[in-house]
Amino acid sequence: MDPECSQLLPALCAALADPRQPVADDTCLEKLLDWFKTVTEAGSSLLLLEESPCLVELLFQVPKAQGLSPGVLAFSLRLAGVLAAQEDCFQYLQGQLLPGLFGEAGPRGGAAWTAPTVRSGWVQGLRALAQHPSALRFLDDFGALDTIFSLQGDSSLFVASAAGQLLVHVLDLCMRGPAGAQPSLQSRDWPACAQRIVGHIEESLRSTAAPRVTQALNVLSTTFGHCHSPWAQVLWVRLSPLVACLLEKDPVPAAHSLVDLLLSVARSPALSSDGGLWETLARTLGHLSPTQAGPLALGVLKLQDCPQALRTQAFDILLQPLVCVLKATAEAPGPPGLPAEPAGDSAVVDALLSSRPACVGLLCQTLAHLELLLPTPQRPSPWPQAALLGAVVTVLQFCRGSAVPASDVGSRLCVTLAGCVRVQRAALDFLGALSQGAGPRAVVTQVFAVLLDYLASPDSSPTVLRKAFQATLRWLLSSAQPPGCCDLDPHTQHFLGELLPVLQKRLCSPCWEVRDSGLEFLAQVTRSWAGQAGFRHALLASEVPELAEQLLQDPESYVRASAVTAVGLLSGQGLHAARGSPEHPGGPQRSPLLDLLHVLSTDSEGFPRRAAMQVFTEWLRDGHAEVAADTERFVARVLQAASQDLDWEVRAQGLELAQVFLAQTLGQLGPDCPDAAAPPAAVPPSRLAQALRVLCRVQLFEFALRALFDCDRAVAQKSCDLLLFLRDQAAPYDSPQGAGSSPSVASVEATLQRWRAGEQGQPLGPLEPEAAVAVLRAMDLEGLRGALAESSDHVERSPQSLLQDMLATAGILGDNEADCY
């Protein structure tokens with residue numbers, strides 16, 4: 001510990017033990033505890049106590065103090081646990097101090113115990129303390145286990161969870177034993193703590209109270225999930241009959257926790273070899289309700305080593321709700337690949353028809369589980385792609401009211417699912433995921449038809465429309481011609497012809513979320529299909545590009561930002577609207593570049609301006625035709641606008657654009673290279689001189705130097721990196737004799753001093769390459785980069801600063817002695 005901290009610690013301990021003193025909040029106490037953890041991890045806790053007896057005095061006084069805040073009491077309990085985690089320090093403290101804190105004489109038997117913070121601190125203190133055999137005897141001797149058992153049902157979820165975690169930790173510590181020793185199957189040979197904990201778990205599993213069963217199952221789930229020692233197998237052998245007995249009760253108690261336990265056991269390398277486990281899993285799948293069985297079926301299908309019969313049973317259970325939906329609309333047998341008569345068919349029908357919440361919950365869970373299973377290597381094979389596509393389309397038709405029921409079940413589903421947004425979202429998500437697989441042409445046609453129906457329907461909510469656009473995009477991209485082909489297949493081209501009028505309608509929607517979703521879809525499909533001749537022809541024949549440009553004036557900033565991105569992509573691919581200015585309709589075509597420059601310079605919100613900067617950077621990098629026509633003028637205008645922007649992200653993106661231009665000017669990158677951060681290479685002197693003159697003309701030096709003193713550290717760091725790169729590239733440049741002391745250099749340095757002081761109103765003025773290079777060489781850019789790399793509170797985060805702040809809060813230090821942070 002630092003000498004400065006040693007001097008401050010006694011006063012702080014006295015303040016903490018005094019109920020009359022105001023102490024810093026819980027955040028400061030948490031930081032103080034973290035510091036003590038660091039100190040004890042680096043050295044001896046016993047030595048710390050010998051050097052700082054005030055800590056022992058604090059721990060003695062805290063249980064006796066009346067009216068102490070729960071936060072300080074909890075802190076003291078946790079601190080005692082941290083110190084006693086080392087066995088020699090535990091022996092030093094266990095005489096009276098530890099029983100006074102963790103025994104009946106401590107907070108456990110007083111009024112302070114009603115505070116959840118104190119109960120949580122007590123549990124966490126014991127968790128830190130229980131690191132050695134001596135701690136186990138302490139837990140048993142002072143009745144701590146009974147308190148932990150009761151805290152499993154605490155009203156505070158945090159306390160209850162911490163108590164369960166503590167039991168798992170203590171059980172693992174008890175059963176670990178000497179290295180290489182085999183655990184005994186006889187309970188009488190187990191340590192006393194282990195016997196009591198296992199006995200408590202057995203009693204809870206036999207209980208008729210569901211909360212007690214849940215607590216026991218949760219402890220076992222955590223135990224088998226984290227402990228893979230041989231003793232875990234011994235414990236499972238002993239407890240598995242009691243777990244299996246739970247399946248004989250109707251309904252099965254604590255079904256969710258039971259599923260977690262069985263999957264935890266099945267994933268354990270030490271336990272999955274138990275043949276009885278697979279039988280238990282199969283029985284459980286048959287006994288649980290459809291909603292309860294779904295998570296277990298998904299977990300079984302994700303297991304690496306699982307009997308095929310069990311996998312088949314699990315997949316059938318997962319598919320049952322969709323099979324029932326298909327049967328509700330078809331007299332004939334459903335598509336091949338789905339179970340014809342599922343074992344639990346009646347139970348699934350009952351769940352679907354029992355109530356609207358039950359039906360919606362089961363269908364959403366099924367669709368989500370299948371979507372999670374789809375990309376995994378454990379996905380069943382063969383995968384019933386066509387049947388699943390038909391089932392999802394049918395679900396979406398039920399929600400729209402367009403399904404044709406073939407039974408009483410179908411008629412009731414029409415009523416239950418009509419307009420259900422939650423099921424629509426889940427079905428559209430899964431439908432989009434299924435786009436990665438092939439399907440019969442007739443089924444794919446149905447998919448496009450239902451997607452178009454949802455996109456065109458006035459009843460579709462904004463969130464459902466967004467999902468429909470996303471699913472449509474995935475199906476469009478998956479149905480395109482193979483790479484290298486320059487056109488779309490006829491079916492996709494036909495769908496596109498129907499889709500674009502719908503997109504036009506959505507871009508005119510009164511709801512801004514719908515307009516935004518339409519623009520995002522347009523941008524994404526343009527990014528992928530700009531080279532497809534059929535797409536280009538259909539898009540240019542529509543009003544979509546013109547509507548996208550009109551939305552640059554949208555009243556909602558999110559929509560304007562999406563419009564900027566879409567217009568930027570369209571213009572970059574030569575797909576922007578062909579129109580003249582409003583004053584001269586038949587005159588020269590108005591440029592999207594001017595529109596986006598107007599957005600960058602005048603938009604009142606940051607999102608559209610950020611989007612404009614990103615578009616300009618992409619245009620420069622990709623060699624946009626209008627940019628290439630006069631690159632210097634373009635860069636100068638953009639940098640001038642970015643330098644005056646109040647949004648730090650716009651200024652940072654301006655530096656990104658400057659970096660691209662710098663690398664292109666120096667010959668490091670061609671316009672087609674996607675990255676500006678190319679490794680430096682030597683630039684010929686003649687080209688270097690020419691490049692520096694160009695950089696001065698576009699005022700890149702002024703923009704980067706001004707950003708170097710930006711109040712936002714991220715901008716200053718980016719500028720520093722750019723200037724370091726530029727300085728290294730300019731190393732071969734020979735300045736004329738005396739350039740380093742010319743009036744121009746002195747003027748620049750004086751302006752930089754004012755900028756550093758916060759006076760950034762004065763411009764740098766015309767700058768010659770010689771002066772710019774001389775200034776770069778004179779600046780300590782490496783030192784500045786090191787200073788910027790430090791966090792803004794690197795001084796205030798020190799332990800000494802923390803102690804001073806806490807003492808100042810208590811009024812022991814004067815204001816001038818504490819950090820203002």
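Among contacts between residues at least 6 apart in sequence, 71% join residues at least 24 apart. The model is predicted. The protein has 42 helices and zero strands. Of its 821 residues, 53% are buried.

**Helix pair H21 and H23**

- Two packed helices are described by the angle between their axes and the distance between the axes.
- Helix H21 spans residues 385-400 and helix H23 spans residues 421-433.
- Their axes lie 10 Å apart, at an angle of about 155°.
- Angles over 145 degrees count as roughly antiparallel, so H21 and H23 are roughly antiparallel to each other.
- The crossing of H21 and H23 is left-handed.
- From H21, the contact takes in Leu 388, Leu 389, Val 392, Val 395, Leu 396 and Cys 399.
- H23 meets them with Val 423, Gln 424, Ala 427, Leu 428, Phe 430 and Leu 431.
- By class, the contact of H21 with H23 has 11 nonpolar residues, one polar and no charged.

**Helix pair H13 and H15**

- Helix H13 covers residues 210-226, and helix H15 covers residues 255-267.
- The axes of H13 and H15 come within 8 Å and cross at roughly 20°.
- H13 is therefore roughly parallel to H15, as angles under 35 degrees count as roughly parallel.
- H13 passes H15 in a left-handed crossing.
- On the H13 side, the contact is made by Thr 214, Leu 217, Asn 218, Leu 220, Ser 221, Phe 224 and Gly 225.
- On the H15 side, Ser 257, Leu 258, Asp 260, Leu 261, Ser 264 and Val 265 take part.
- The residues of the contact of H13 with H15 divide into six nonpolar, six polar and one charged.

**Cis peptide bonds and positive phi**

- Most residues other than glycine have a negative phi, and most peptide bonds are trans.
- The peptide bond from Asp 250 to Pro 251 is cis, with omega near 0°.
- Pro 251 sits in the loop between helix H14 (230-245) and H15.
- Ala 254 is in the loop between H14 and H15 as well.
- Ala 254 is not a glycine, yet its phi is positive, at about 50°.
- Ala 254 has 16% relative accessibility; buried means under 20%, so Ala 254 counts as buried.
- A cis peptide bond, with omega near 0°, also runs from Ser 381 to Pro 382.
- Pro 382 belongs to the loop between helix H20 (356-373) and H21.
- Gln 699 has a positive phi of about 60°, although it is not a glycine.
- The loop between H36 and helix H37 (700-708) holds Gln 699.
- With 44% relative accessibility, Gln 699 counts as partly exposed.

**Residues at separate points of the chain**

- Phe 158 lies in helix H11 (residues 157-176).
- Its relative accessible area is 73%; the exposed class starts over 50%, so Phe 158 is exposed.
- Phe 158 and Arg 119 are 39 residues apart in sequence, and their C-alpha atoms are 9.8 Å apart in space.
- Leu 666 lies in the loop between helix H35 (648-665) and helix H36 (685-697).
- At 3% relative accessibility, Leu 666 counts as buried.
- Leu 666 and Arg 687 are 21 residues apart along the chain, with 7.5 Å between their C-alpha atoms.

How values were computed:
Residues are numbered from 1 along each chain as its sequence is written. This is a predicted model: local features need pLDDT of at least 70, side-chain atom pairs count only at pLDDT 80 or more; totals for chains, interfaces and linings use all residues. Side-chain values use heavy atoms; hydrogens and water are left out. Axes are lines fitted to C-alpha atoms, for helices over the stretch in contact, and angles run from 0 to 180 degrees between N-to-C directions. Helices (H or I, at least four residues) and strands (E, at least two) are DSSP runs, numbered from the N terminus. Angles under 35 degrees count as roughly parallel, over 145 as roughly antiparallel, 65 to 115 as roughly perpendicular and the rest as oblique. A crossing is left-handed if the near helix is turned anticlockwise from the far one by less than a right angle, and right-handed if clockwise. Contact means heavy atoms within 4.5 Å. Ala, Val, Leu, Ile, Met, Phe, Trp, Tyr, Cys and Pro count as nonpolar, Asp, Glu, Lys and Arg as charged, and the others, Gly among them, as polar. Buried means under 20% relative accessible area, exposed over 50%, partly exposed in between (1.4 Å probe, protein chains only).
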